[in-house]
Amino acid sequence: GSGLSQEAGSVEQLSLHCAEGSLEWLYPTGALRLRLAPRLPPATAAIKGRSPQHVTACVKPSGTFRGAQLYLEREGVLELLLPEAPRPRVRCFSWLPREKVALFLQATLHPDISRRIAAFRYELRGDWLARPALPAASLTAEGVCRPCNDTEILMAICTSDFVIRGSIRSVSNDAELQESVIGVSATRIHRQKFPLFQAGGRPGRPTGSIRTPLRCGVKPGPGTFLFTGWLHFGEAWLSCAPRYRDFQRIYEGARRTRQNPCEFPVD
């Protein structure tokens with residue numbers, strides 16, 4: 001919704017059904033209660049018969065988030081997600097399908113509310129295949145970075161938003177956002193649900209950027225990898241990135257025993 005206005009002290013009720021979107025609240029007064037009721041897509045063919053154990057949502061404040069604070073309301077209890085003028089970090093949370101959750105946007109008191117806009121983007125989806133709230137399978141539920149195991153790698157090639165074979169060109173670190181940005185040169189694009197990797201103006205391999213939490217300590221290294229991951233607020237996030245020769249060995253072993261969850265072209 002854009003340009004919402006209301007009386008001070010009143011609470012406007014809205015429902016968010018879309019898988020992703022944005023909200024812009026001009027000159028906030030009173031409060032907005034946003035019920036989270038996503039229409040989740042059915043489980044993908046690769047994992048049919050499996051319904052999400054959790055639902056996950058993420059919110060990302062715009063640079064102009066002023067005049068309000070955003071709370072998570074879970075079973076009637078409020079938790080502050082975004083204070084006024086927050087740092088530009090994404091906040092994620094999960095809940096069980098039977099739990100009642102909402103976002104509660106409370107206007108802050110200011111003598112002059114003009115030019116204040118509380119705006120943020122949101123994503124609602126299934127449980128990211130039981131991964132933690134930030135969609136990187138290299139993170140365990142405790143937030144500890146570790147390599148993906150064989151099962152996670154096989155599932156990642158079937159269900160990820162992108163599967164790219166390539167090499168690491170560079171790694172840059174953003175201390176404020178607590179993110180590492182991996183520059184990747186692609187030798188083969190197996191799948192991408194959005195134009196992540198595009199050929200540049202000059203002839204050569206398609207290039208793109210993939211993000212991962214800074215604390216995972218990604219370092220540049222030689223060799224060919226199979227990069228898999230998820231689209232998150234328009235950016236690519238890494239889940240599993242085995243060396244390609246390791247992936248070949250894992251996939252061939254699974255195919256021989258008919259344990260592979262989907263077909264994948266292996267050279």
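Here are my entries, from the whole chain down to single residues.

**Ground rules**

I am working with a predicted model, where local features need pLDDT of at least 70, side-chain atom pairs count only at pLDDT 80 or more, and totals for chains, interfaces and linings use all residues. I number residues from 1 along each chain as its sequence is written, and side-chain values use heavy atoms, with hydrogens and water left out.

**Whole chain**

I looked up the secondary structure and found two helices and 14 strands. These are DSSP runs numbered from the N terminus: helices are H or I with at least four residues, strands are E with at least two. The chain has 267 residues, and 43% of them are buried. Buried means under 20% relative accessible area, exposed over 50%, and partly exposed in between, with a 1.4 Å probe and protein chains only. I also checked contacts, meaning heavy atoms within 4.5 Å. Of the contacts with a separation of 6 or more, 66% are between residues 24 or more positions apart.

**The five-stranded sheet**

Next I traced an open sheet of five strands, in the order β1-β3-β8-β5-β6, with mixed pairing. Two strands pair if DSSP finds at least two bridges between them. At the edges I noted β1 and β6, each pairing on one side only. Neighbouring strands here are turned by 25° against each other on average, direction ignored.

I then followed β3 to both of its neighbours. Strand β1 (residues 11–16) runs parallel to β3, with six bridges joining them. Gln 13 has Arg 33 as its bridge partner in β3, and Ser 15 stands opposite Arg 35. Towards β8, β3 runs antiparallel, with five bridges. Arg 35 turns up again here, opposite Ala 102 in β8.

**The four-stranded sheet**

A further open sheet has four strands in the order β2-β9-β4-β7, and its pairing is antiparallel. β2 (20–26) and β7 (91–95) each have a single partner strand, so one side of each lacks a neighbour in the sheet. The twist averages 20° from one strand to the next. Inside this sheet I looked at β4 (residues 55–61) and β9 (residues 117–125), which are joined by six bridges.

**Cores**

Which residues have the most contacts inside the largest nonpolar core? They are Leu 70, Leu 103, Leu 105 and Phe 120, in a core of 25 residues. A nonpolar core is a set of buried Ala, Val, Leu, Ile, Met, Phe, Trp, Tyr and Cys residues joined through side-chain atoms within 4.5 Å. Elements that give two or more residues to this core include β2, β5 (68–74), β8 (101–107) and β9. I listed the contacts of Leu 105, leaving out residues up to four places away in sequence; among them are Leu 23, Trp 25, Phe 65, Leu 70 and Phe 120. Apart from this core lies another, of 16 residues, including Leu 154, Cys 158, Phe 247 and Phe 264.

**The two helices**

Helix α1 (residues 150–159) is mostly covered, with seven of its ten residues buried. The cover includes β10, β11, β13 (225–232) and α2. With helix α2 (residues 244–256), α1 packs at an angle of about 90°, the axes 10 Å apart. Axes are lines fitted to C-alpha atoms, for helices over the stretch in contact, and angles run from 0 to 180 degrees between N-to-C directions. The two helices are therefore roughly perpendicular to each other, a term for angles of 65 to 115 degrees. In the contact, Asp 150, Ile 153, Leu 154 and Ile 157 in α1 meet Phe 247, Ile 250, Tyr 251 and Ala 254 in α2.

My last stop was strand β10 (residues 162–174) with strand β11 (residues 179–192), an antiparallel pair over twelve bridges. They form a hairpin with four residues between them, and Gln 178 in the turn has a positive phi of about 60°. Asn 173 has Ser 180 in β11 as its bridge partner. β11 also pairs with strand β12 (residues 207–213), antiparallel over seven bridges, where Val 181 partners Arg 211.

The residues it touches include Arg 165, Arg 169, Arg 205 and Pro 206, not counting residues up to four places away in sequence.

Conventions
Parallel < 35°, antiparallel > 145°, perpendicular 65-115°, else oblique.
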